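Trainee: I would like to go through this model step by step. Please show it first.

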Amino acid sequence: MPSRSKQKKKSEATGQAMILSPKRLFVTLIITAAALLAFKGTAPAGRIPPPDEYGMVVIRNYSQKAGFAPVVFDHWLHRAMYTCRLCHVDVGFAMEAGATKIKAENNSKGFYCGSCHNGSRTHNKKVIFAACPGTAGQEDRTRCDRCHSLGREVKRDYEFASFIKDLPRQTLGNGVDWEEAEEKGLIKPVDYLEGVSIKRSSLAAQKDFSIESKSTWMTDVIFSHKKHAVWNGCEVCHPEIFPSVRKGTVKYTMFEIYAGEYCGVCHDKVAFPLLDCQRCHTKPVR
Ligand code: HEC
Ligand code: HEC
Ligand code: HEC
Ligand code: HEC
Ligand code: HEC
Ligand code: HEC
């Protein structure tokens, strides 16, 4: 493999091996500590969520006032069935908890959750249970409870532990290697929803590239357009998260990423967390 031997030569030449030098280890620890402090400031509970709660979104703009429990939405279940693009572009959910301002009425008219949860659409030949009805009666409270479930004992159809049992593992986030699960065909996220999505021509593949780290002790980042496009298409990132499509035009730092911008829009919330430094900083130190 030519690239690997090149990498080796490079690290030999600079005298820096792939192992952490004491200095690098120290700086890494400082940054990690700073990052943890930053998490404390932003994460509502000030803690790293357990695997089954990683990517869980609580939606609570209107339900409590109407006498219902807030709604719990799990990414681990939905991302195994659909691409990010399908929900965040075609269906139109914001990438921020609570920002879509979903009303029961929208759902009952077939928007948002109701684009799938309408009582007639199927997934794997199974009918998807309906979301909120037009008028909120006492009718079928157990169905309401499946979504309006925060703080309630609700019997689930999908339990996290058994759901991920046969999926490849990773240490952080959901504890699942979603990348590998998708590559091996263990999950097949659907990217098209009849009546909601518009048929598109397949998109031009983009080159993968490396992003230079501004520090000498932290390794460069390799960004794979190909892998990201599998989940996100192009429209999730361009133009909203990365407005410029000319590489290097927008400057950002690790601190902005920690603050939930750029890569941090997804990483730390749904995609694997920022504590997993090496999964992004994969190139050897210059
Ligand atoms: C079935 C639909 C669906 C799929 C698939 C989906 N999402 Fe989401 N996502 C949502 C909803 C709903 C919300 C909450 C929106 C709201 O509350 O207004 C959300 C919120 C988010 C947030 C904000 C979370 C927070 O805590 O603020 C991020 C980031 C996100 N999604 C990323 C992703 C990524 C990355 C993928 C693919 C791996 C993905 N989503 C797949 C529906 C989906
Ligand atoms: C793109 C389609 C799609 C969208 C949009 C969607 N879901 Fe789902 N959801 C599904 C499918 C498919 C299932 C599995 C249904 C089944 O097998 O019974 C499911 C299951 C669920 C479950 C059941 C979990 C369990 O273990 O019983 C909950 C809760 C849920 N969705 C909440 C939501 C909420 C809340 C929204 C909107 C914020 C939403 N979903 C939007 C497709 C979708
Ligand atoms: C597939 C998920 C899902 C199911 C099932 C569901 N809802 Fe909802 N519902 C939502 C979401 C998401 C919201 C927005 C929550 C918020 O912002 O507080 C919501 C909000 C509401 C609201 C708030 C008031 C308003 O005008 O928006 C009412 C009332 C409501 N739902 C009634 C019901 C009833 C009654 C049932 C059962 C027959 C039900 N819902 C089942 C997802 C669901
Ligand atoms: C996960 C986010 C993400 C997705 C998804 C994504 N891109 Fe990008 N794209 C980037 C980033 C980051 C850059 C670099 C931008 C910068 O440095 O300002 C970039 C740069 C580009 C560039 C400029 C490349 C260069 O060498 O100057 C083009 C063209 C581009 N993207 C097109 C696409 C297309 C087409 C798709 C879908 C197949 C896509 N992107 C999907 C994040 C993404
Ligand atoms: C729109 C959401 C989104 C944004 C923005 C985003 N990612 Fe990702 N990324 C994902 C998802 C989803 C995966 C699949 C793995 C997972 O969910 O844990 C992934 C996987 C990866 C991987 C592992 C795949 C591989 O190449 O081997 C790396 C590395 C990565 N992202 C780096 C980045 C970097 C660097 C940026 C910013 C330039 C970025 N990501 C921005 C959603 C995103
Ligand atoms: C999701 C991918 C991702 C993860 C995970 C990640 N980084 Fe970064 N990091 C980046 C990107 C992209 C840049 C490049 C920003 C630039 O300099 O243009 C960067 C830049 C840096 C820099 C250079 C200085 C700066 O602020 O830009 C340092 C230092 C750094 N990261 C440290 C860390 C540490 C420590 C961790 C683990 C706690 C970590 N990173 C995890 C993507 C990531």
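**Helix α4 and the cores**

Mentor: Helix α4 is followed by Gly92, which has a positive phi, near 95°. Helices here (H or I, at least four residues) and strands (E, at least two) are DSSP runs, numbered from the N terminus. This is a predicted model, in which local features need pLDDT of at least 70, side-chain atom pairs count only at pLDDT 80 or more, and totals for chains, interfaces and linings use all residues. Residues are numbered from 1 along each chain as its sequence is written, and chains are lettered from A and ligands numbered from 1 in the order in which they are written.

Trainee: Which residues of helix α4 are buried?

Mentor: A residue is buried if 20 or more other C-beta atoms, placed from the backbone, lie within 10 Å of its own. Helix α4 covers residues 84–91. Its buried residues pack against α3 (75–79) and α9. They are Cys84, Arg85, Leu86, Cys87 and Asp90.

Trainee: How many residues make up the largest nonpolar core?

Mentor: A nonpolar core is a set of buried Ala, Val, Leu, Ile, Met, Phe, Trp, Tyr and Cys residues joined through C-beta atoms within 7 Å. Among the members of the largest one are Ile59, Val71 and Cys147, and the total is 11 residues.

Trainee: How many residues are in the second, separate core?

Mentor: That core includes Cys84 and Cys87, both buried residues of helix α4. Tyr82 and Cys237 also belong to this core, and the count is seven residues.

Trainee: Which element gives the largest share of the shell around ligand 5?

Mentor: α8 (178–183), β6 (221–223), α9 (225–232) and α11 (277–280) each supply at least two residues. The largest share is four residues, and it comes from α9.

Methods:
Buried ≥ 20, exposed ≤ 12 C-beta atoms within 10 Å, placed from the backbone. Contact = placed C-beta atoms within 7 Å.
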